[in-house]
Amino acid sequence: MPRRCKQRNCRRLDGNRNFKPSGIPARDLEKVELKLDEFEALRLCDYDEMSQIEAGEVMGISRGTIQRLLLSGRRKIVDVLLHSKELILKNDEDS
């Protein structure tokens, strides 16, 4: 049996957010969900320019976990941009 996920310190959003290409109805788009912890890792490392070690300390997780979150989050964002998909960012408690 796998270990439980460690509690991750993430900001909460004031509701769900979605981003889609203009001119295409949302019902016609494939949806990609970006997890809140992936978004937080991206924000800390790419926007706030923290190192992976610093971001891991802020979120209460290891540098390796931060690295996996960054890889997964960046891959999803590039997929959305390349293939005209809708990006959904949800709070964990809304799932």
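Modeller: In this predicted model, the elements of the protein chain follow the order β-β-α-α-α-β from the N terminus on.

Colleague: How are the strands of a sheet held together, and what is the order of the three strands here?

Modeller: Strands of a sheet pair through backbone hydrogen bonds, in either a parallel or an antiparallel sense. Here the three strands form an open sheet with the order β1-β3-β2 and mixed pairing. The edges are β1 (17-19) and β2 (31-34), each of which pairs on one side only. On average, neighbouring strands of this sheet are turned by 25° against each other, direction ignored.

Colleague: In which sense do β2 and β3 pair, and over how many bridges?

Modeller: Strand β3 (residues 86-89) and β2 pair in the parallel sense, over four bridges. Leu34 stands opposite Leu89 in β3.

Colleague: Which strands do helices α1 and α3 lie across, and at what angles to β2 do they run?

Modeller: Helix α1 (residues 36-47) lies across β2 and β3 and runs at about 65° to β2. Helix α3 (residues 63-82) also lies across β2 and β3, running at about 155° to β2.

Colleague: How do the axes of α1 and α3 cross?

Modeller: The two axes come within 8 Å and cross at roughly 100°. Angles of 65 to 115 degrees count as roughly perpendicular, so α1 is roughly perpendicular to α3.

Colleague: Which residues of α1 and α3 meet?

Modeller: From α1, the residues are Asp37, Glu38, Ala41, Leu42, Cys45 and Asp46; they meet Ile66, Leu69, Leu70, Ser72, Gly73, Arg74, Lys76 and Ile77 in α3.

Colleague: Is α1 mostly covered or mostly uncovered?

Modeller: Helix α1 is mostly covered, with nine of its 12 residues buried. Among the buried residues are Leu36, Glu40, Arg43 and Leu44. The cover over the buried residues of α1 includes β2, α2 (52-59) and α3. After α1 comes Glu49, whose phi is positive, near 55°.

Colleague: What do the totals for the protein chain say about burial, contacts and surface?

Modeller: Of the 95 residues, 34% count as buried. Among contacts with a separation of 6 or more, 75% come from residues 24 or more positions apart. The accessible surface comes to about 6700 Å², of which 51% belongs to carbon and sulfur atoms.

Note on methods
Residues numbered from 1 in each chain as written. Predicted model: local features only at pLDDT ≥ 70, side-chain atom pairs only at ≥ 80, totals over all residues. Heavy atoms only, no water. Pairing = 2+ DSSP bridges. Helix = DSSP H or I, 4+ residues; strand = E, 2+ residues; numbered from the N terminus. Axes fitted to C-alpha atoms, helices over the stretch in contact; angles between N-to-C directions. Contact = heavy atoms within 4.5 Å. Parallel < 35°, antiparallel > 145°, perpendicular 65-115°, else oblique. Buried < 20%, exposed > 50% of the residue type's maximum accessible area, 1.4 Å probe, protein only. Areas by Shrake-Rupley, 256 points an atom, 1.4 Å probe, with all protein chains shown as cover.
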